[in-house]
Structures are given as structure tokens and as C-alpha cells.
Amino acid sequence: MLKRGGTIGILGGGQLGRMMALSAAELGYRTIAFAPEGDNVVSQVCDDVFTNKWDDSAALAAFAARCDAVTWEFENVPVATASAMPEGRIFPHPRALETAQDRLNEKRFVEGLGGRPAAYARIDSPSDLEAAVDRLGAPGILKTRRDGYDGKGQWRIGSLRDAQALRLPDVPLIYEGFVEFDAEFSVILVRGQDGEIRFWDSTRNAHEDGILATSSLPAGELIESQVGEARELARQVADALRYVGVLTLEFFATREGPIFNEMAPRVHNSGHWSIEGALTSQFENHMRAVAGLPLGDTATAARAVTMTNIIGAAIKNAQEYLSQPDTHLHDYGKAEVREGRKMGHVTKLER
Ligand code: AMP
């Protein structure tokens with residue numbers, strides 16, 4: 001167990017790290033962060049930020065020397081960076097990043113555990129794409145294998161002609177058949193250092209332009225009927241990776257059952273509702289797992305919960321949000337508004 005007052009290092013500087021740091025403080029831990037130059041909002045709530053490039057080995061060594069345990073808040077932290085942290089002191093193990101950073105590896109890994117992703121094909125050239133559209137049909141989605149998030153690095157392909165007209169970026173790609181889903185949901189779990197696993201209730205997730213817009217509970221009958229199978233897969237993924245911390249798997253609910261979309265080896269936007277809506281939030285349980293503490297109860301503490309993201313717009317109406325009953329505003333403290341940028345979220349509960 002991490003000693004009282006110990007320091008937890010966070011790789012990454014965004015809002016997820018900020019919410020982790022707030023939870024760590026409640027548990028009596030200090031936090032420092034490591035992130036390349038940028039609007040690192042974690043700096044507003046942690047002791048110190050190392051503003052260095054991911055491959056600055058001297059800075060990484062100095063950072064590690066100040067940490068009793070390390071975690072990450074960003075799934076595109078290079079594996080080499082995470083692996084530069086002392087073995088046994090970084091949670092989850094960097095092998096989780098290695099699996100999740102490449103959409104092709106991730107799908108193969110999950111299939112090996114019995115999961116069902118959308119039909120997919122590896123794309124390394126224009127002729128691969130034509131063959132894939134021919135074989136899997138259109139519409140479909142072309143995605144970069146690496147570095148995509150919030151719908152970035154994705155192109156919708158409506159027809160073979162679309163595919164032929166596209167100038168492919170010079171990076172490894174994957175083509176996925178379009179899944180005619182009825183709803184989207186995520187399974188979020190926490191796994192402790194002793195292997196204990198707890199799940200939060202699965203929310204119904206609605207996306208706009210590839211970005212999560214809302215997460216709500218109850219999720220509805222269709223999702224509820226598919227959560228069992230999805231959790232079983234998530235449990236197998238967590239056990240296979242000997243995972244420690246919060247892990248997220250996203251699914252499409254279809255008439256044929258849950259189709260795996262992708263995994264995030266970290267706390268997740270679709271779990272933000274748990275700050276007020278569950279007995280223990282994803283952030284607190286992630287910190288408990290990293291610190292080797294007992295996990296908290298993940299039960300939902302309300303009849304209904306809706307988490308709404310504030311995207312690409314300045315937060316001007318705090319008054320309006322906060323004058324509603326049982327409504328909670330989280331402003332991430334970002335200086336600059338950009339299109340598609342997550343500025344904060346609002347959680348509304350009905351007890
Ligand atoms: P991703 O970043 O891969 O999670 O994609 C973002 C969002 O785009 C998903 O949550 C879906 O709403 C949509 N999407 C991604 N892949 C597919 C697919 N193969 N079929 C249908 N919708 C998709």
C-alpha cells in the first residue's frame with residue numbers, strides 16, 4: 001500500500017488527470033504530472049508539472065524519482081515513456097497501452113478472448129482499401145490504427161467511389177464495416193492489485209460527430225440485456241492484462257448482441273457521472289487501485305443520471321446549470337476554446 005502522503009505521478013496533463021489528482025488529494029496523496037507543453041489543466045490542482053517531451057529520458061528519470069506510484073490519464077502516452085517508470089510502480093502495466101494503442105492489435109486481442117468486433121480489414125495501400133470495401137461492403141469507416149480519439153483520424157466511406165477518391169494518409173489504417181447499432185454503451189470496471197474486479201452500471205452513450213455528447217442511466221432494456229456478455233469480455237481483458245486500475249470497453253448494442261468497438265486503458269468520459277452518481281467514482285477507485293487500497297462500492301446512487309459534455313463552447317451559464325436541483329458543473333479550467341474540445345461537463349441526478 002502506498003504510504004500516507006505519498007506522491008502519485010500522472011502521465012498526461014488533461015482533465016482526466018485533473019479529476020484523478022482531486023481524488024488522490026482526498027485520499028491524502030500528493031500528485032505531480034508529466035506532459036509535453038500545452039494547456040495542461042492538471043497543473044491547477046497538482047504539486048508540480050514536468051513540461052517535457054515524452055522521450056526526454058533525463059526528465060522522465062527525475063520525475064520517476066519523485067513518485068511512489070505512477071499512472072496515466074492519456075492512452076497515447078508512448079509505451080517507451082510508461083516503460084521508463086520503475087517496474088512494479090506503474091499501474092496499469094504498460095502492456096495495456098501496447099495492446100490498446102493499435103486498433104488492429106486491440107481487435108485481434110479481444111477476438112482471441114471471444115469478443116466480436118465489427119468486420120475489419122488492415123489497410124496499408126489504396127488497393128487494400130478497394131479490396132476491403134469490396135469484401136466488407138460500404139458504408140464503412142476508415143480509421144488510423146494509432147493516435148485517434150474523439151472521432152479524429154476517421155473517414156466515413158459511403159461507396160467504392162469514395163474509397164477511390166480518398167488520398168490515404170501515410171500511416172497504418174484499418175477499415176471497419178459500419179455497424180447498424182441500436183445504441184452505444186460502455187463497460188467500466190476497476191481491478192485492484194489483488195485481482196478483485198468491480199463494475200459500474202453501464203450508461204447509454206450518445207455521440208455527436210464521433211465525440212461523446214451524453215451518458216445516461218437507466219440505459220434501457222436493450223443495453224441492460226447485453227451488459228452481462230459485455231462485462232464477461234471486459235473481465236477477461238482485465239485479467240489477461242493483469243490490469244490494475246480503471247479500464248473501459250465500448251460496445252455497440254445490436255440485434256445480434258454486443259459488438260466490441262474499442263477499449264480505453266484508463267478512466268473514461270462515459271464514467272464521469274460516477275463522481276456524484278455512484279458511491280465511489282471511477283477517479284477515486286482508480287487512485288485506490290494504484291495505491292493498493294481496498295476498492296470502493298461502485299453502486300449507482302440515484303434513480304436516474306445524465307452526464308452532458310460541454311464541447312467547443314465557453315462555459316458561460318454556470319448560473320443556469322447550478323440553479324437546477326441536484327445538478328453539478330465540472331469546469332476543466334481550459335483557457336482556450338477550440339472546436340470539438342471538451343471544456344467541462346454537467347451531471348444531473350434524480351434520487
Ligand atoms: P471510435 O473513436 O472508434 O470510438 O468512434 C467514435 C464513434 O464513431 C463511435 O462511438 C460510433 O458512434 C462511431 N463509430 C465508430 N466506428 C463505427 C462503426 N464501425 N460502425 C458504426 N459507427 C461507428
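Seven aromatic pairs are counted in this predicted model. Rings of Phe, Tyr and Trp (its six-membered ring) pair if their centres lie within 6.5 Å; planes under 30 degrees apart count as stacked, over 60 as edge-to-face and the rest as tilted. Local features need pLDDT of at least 70, side-chain atom pairs count only at pLDDT 80 or more, and totals for chains, interfaces and linings use all residues. Residues are numbered from 1 along each chain as its sequence is written, and side-chain values use heavy atoms, leaving out hydrogens and water.

**Aromatic pairs**

- Phe34 and Trp54 are stacked, because their ring centres are 6.0 Å apart and their planes stand at 25 degrees.
- This pair links distant parts of the chain, 20 residues apart: Phe34 is in strand S2 (residues 30–35), and Trp54 is in the loop between strand S3 (48–51) and helix H2 (57–65).
- Helices (H or I, at least four residues) and strands (E, at least two) are DSSP runs, numbered from the N terminus.
- Phe34 and Trp54 are both buried (under 20% relative accessible area; exposed is over 50%, partly exposed in between; 1.4 Å probe, protein chains only).
- Phe185 and Phe251 are also stacked, because their centres lie 5.4 Å apart with planes at 15 degrees.
- Phe185 belongs to strand S9 (residues 183–191) and Phe251 to strand S13 (residues 245–254), so the pair ties together parts 66 residues apart in sequence.
- Both Phe185 and Phe251 are buried.

**Cluster and charge**

- One aromatic cluster is formed by Phe34, Phe50, Trp54 and Phe63.
- Arg156 places its charged end over the ring of Phe178, 4.7 Å from the ring centre.
- A charge sits over a ring if NZ of Lys or CZ of Arg is within 6 Å of the ring centre and within 35 degrees of the ring normal.

**Sheet S5-S8-S6-S7**

- Four strands make an open, antiparallel sheet in the order S5-S8-S6-S7; two strands pair if DSSP finds at least two bridges between them.
- S5 (120–123) and S7 (154–157) are the edge strands, each with a single partner, so one side of each has no neighbour in the sheet.
- Neighbouring strands are turned by 20 degrees against each other on average, direction ignored.
- Four bridges join S5 to the antiparallel strand S8 (residues 173–177).
- Tyr120 stands opposite Glu176 in S8.

**Helices on the sheet**

- Helix H5 (residues 103–112) lies across S5, S6 (140–144), S7 and S8, at about 145 degrees to S5.
- Helix H6 (residues 126–136) packs on the sheet and touches S5, S6, S7 and S8; its direction makes about 170 degrees with that of S5.
- Contact means heavy atoms within 4.5 Å.
- Axes are lines fitted to C-alpha atoms, for helices over the stretch in contact; angles run from 0 to 180 degrees between N-to-C directions.
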